[in-house]
Amino acid sequence: MLMSELAQADVIIAGAGPAGLAAAFACQDEGLKPVVADTSRTASAAAAKGRSAALFNKTIAFLQRLGVWEACQDAAEPLKTLQFVDDTGRIPRAPDCAFHAVEIGEGAFGCNVANADLARAFAAEAERRGILAIAPGRLTGLSSGATGARAAFEDGTRLDAPLVIAADGRNSATREAAGIRSFSWAYGQIALAGSFSHERPHNGVCIEFHRQAGPFTLIPLPGNRSSFVWSERKADAERLLALDAAAFAVEAGKASHFALGHISDPSERAAFPLSTVLVREYGLARVALVGEAAHAVPPIGAQGLNLGFRDVETLAALAGEARRRGEDIGGDALLRAYTAARRGDILSRTLGLDLLNRSLLSGFFPLQAGRGLGLLALGTAGPLRRAFMRRGIAPANFL
Ligand SMILES: Cc1cc2nc3c(=O)[nH]c(=O)nc-3n(C[C@H](O)[C@H](O)[C@H](O)COP(=O)(O)OP(=O)(O)OC[C@H]3O[C@@H](n4cnc5c(N)ncnc54)[C@H](O)[C@@H]3O)c2cc1C
């Protein structure tokens, strides 16, 4: 039974993280039969620990269509305002800027939800849909030909399908096996992520303190609680990680200038070294990349997973159309169309975040002045502010 189901798959998806499972659901909704292969059955739940994801409205609408959002919406908090505070201590100091969703006619830019809640909602929907998920170990071989690809795994499993979706994260083995070149660079920073309670309500305001070692961001959760992403240089991050809960709460309070009052009850902290990953193309040799297999960015401005879901939405729509026209769903024409459709969105955001992060780390005056002038213009010019807000939450052709 299992072997015959495997033999009939249209799409092999490597990776059962949020991008991989979203790809499975979206392909299924396009009439394609997916099989999901992860190295382990628990890896994605473990990876979800500590982090939250700020998801923009268009992403939420996509998750609603996939049947995922309903199960996590009660644990999600609307993000109504985004505030930037220059805390670099450098001269000239960039002006503080606040962007309100109402300025672009929205009640909120999106919602923040703990990754663990999102992972639970994905797992429940995968079960409801009867998605075939296996854990055959590492990928040991990948070959592609005129009619399909064959993936071989550590436990001897072999899967054949016309399209392989690589959703196996930033160090994607599937991407490498397909011969897609990637370029990555690290920043010497580590992001600590978790959540804590605070004295005063956040009122839906997400605050990003721009500090010399990187941003410190507070992202609202339900109640008087926020998740945080705190980027520091390696040695300082290690010191903060080693603190007990009470000492960490004091440090977090200081770093936030007590904007939400005193901080208490911090969760376990998870650490993520910051790097950027770019790839030469988003599809080759019957393999299409989605999520962090396609792009990894520093956790600034909540772009990573929002981009990943847009990859999935675009790819599934192209594959569904190709199937309805009787065309090859993993052929070169589809993969070229996919690369062309995703390149602008991914590159503009990746390079923009890289520049913003570097402008914080660097003492180079023109870079500092440029960041300050940019924020001044955004803070004062109405049309520019609105364009920035719309572009921040979705690429132009998604609005
Ligand atoms: C601190 C922090 C905060 C963030 N905040 C936000 C935010 O607010 N908003 C936002 O949009 N994004 C955010 N991101 C980015 C977001 O978390 C990532 O984009 C997202 O988790 C990537 O999902 P993914 O499914 O592509 O990869 P992953 O979640 O890494 O999943 C990859 C899966 O592939 C499996 N795997 C690995 N190797 C193999 C293999 N060889 N074969 C098969 N399977 C394999 C793994 O076990 C895993 O299950 C944040 C990131 C960090 C670090």
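A residue is buried if 20 or more other C-beta atoms lie within 10 Å of its own, exposed if 12 or fewer, and partly exposed in between, with the C-beta atoms placed from the backbone.

**Before looking.** I noted that this is a predicted model, in which local features need pLDDT of at least 70, side-chain atom pairs count only at pLDDT 80 or more, and totals for chains, interfaces and linings use all residues. Residues are numbered from 1 along each chain as its sequence is written.

**Overview.** I looked up the secondary structure and found 12 helices and 20 strands in the protein chain. Helices (H or I, at least four residues) and strands (E, at least two) are DSSP runs, numbered from the N terminus. The protein chain has 399 residues, and 47% of them count as buried. Next I checked contacts, where two residues qualify if their C-beta atoms, placed from the backbone, lie within 7 Å. Of the contacts between residues at least 6 apart in sequence, 73% join residues at least 24 apart.

**Helix H4.** Which residues of H4 are buried? I listed Asn57, Thr59, Ile60, Phe62, Leu63 and Leu66. Just after H4 I found Gly67, with a positive phi of about 85 degrees.

Two strands pair if DSSP finds at least two bridges between them. I traced an open sheet in the order E3-E7-E4, with antiparallel pairing. Strand E3 (52–56) and strand E4 (77–79) each have a single partner strand, so they stand at the edges with one side left without a neighbour in the sheet. From one strand to the next, the twist averages 30 degrees. E3 pairs with strand E7 (residues 110–114) over five bridges, and Ala53 has Val113 of E7 as its bridge partner.

I then asked what lies across E3 and E7. Helix H4 (residues 57–66) does, running at about 95 degrees to E3. Helix H5 (residues 115–129) also lies across E3 and E7, at about 90 degrees to E7. For these angles, axes are lines fitted to C-alpha atoms, for helices over the stretch in contact, and the values run from 0 to 180 degrees between N-to-C directions.

**Two hairpins.** Strand E9 (residues 139–144) and strand E10 (residues 149–153) run antiparallel, joined by five bridges. One bridge I looked up links Ser144 to Ala149 in E10. This hairpin has four residues between its strands. E10 is also joined to strand E11 (residues 158–161), by four bridges, again antiparallel. Here Ala151 has Leu159 of E11 as its bridge partner. The hairpin of E10 and E11 has four residues between the strands, and Gly156 in the turn has a positive phi of about 95 degrees.

**Arg358.** Is Arg358 buried or partly exposed? It counts as partly exposed, because it has 14 C-beta neighbours inside 10 Å. I located Arg358 in helix H10 (residues 332–361). Arg358 and Ala213 are 145 residues apart in sequence, and their C-alpha atoms are 9.7 Å apart in space.

**A helix pair.** Last, I looked at helix H2 (residues 18–29) and helix H9 (residues 304–324), which pack at an angle of about 25 degrees with axes 9 Å apart.
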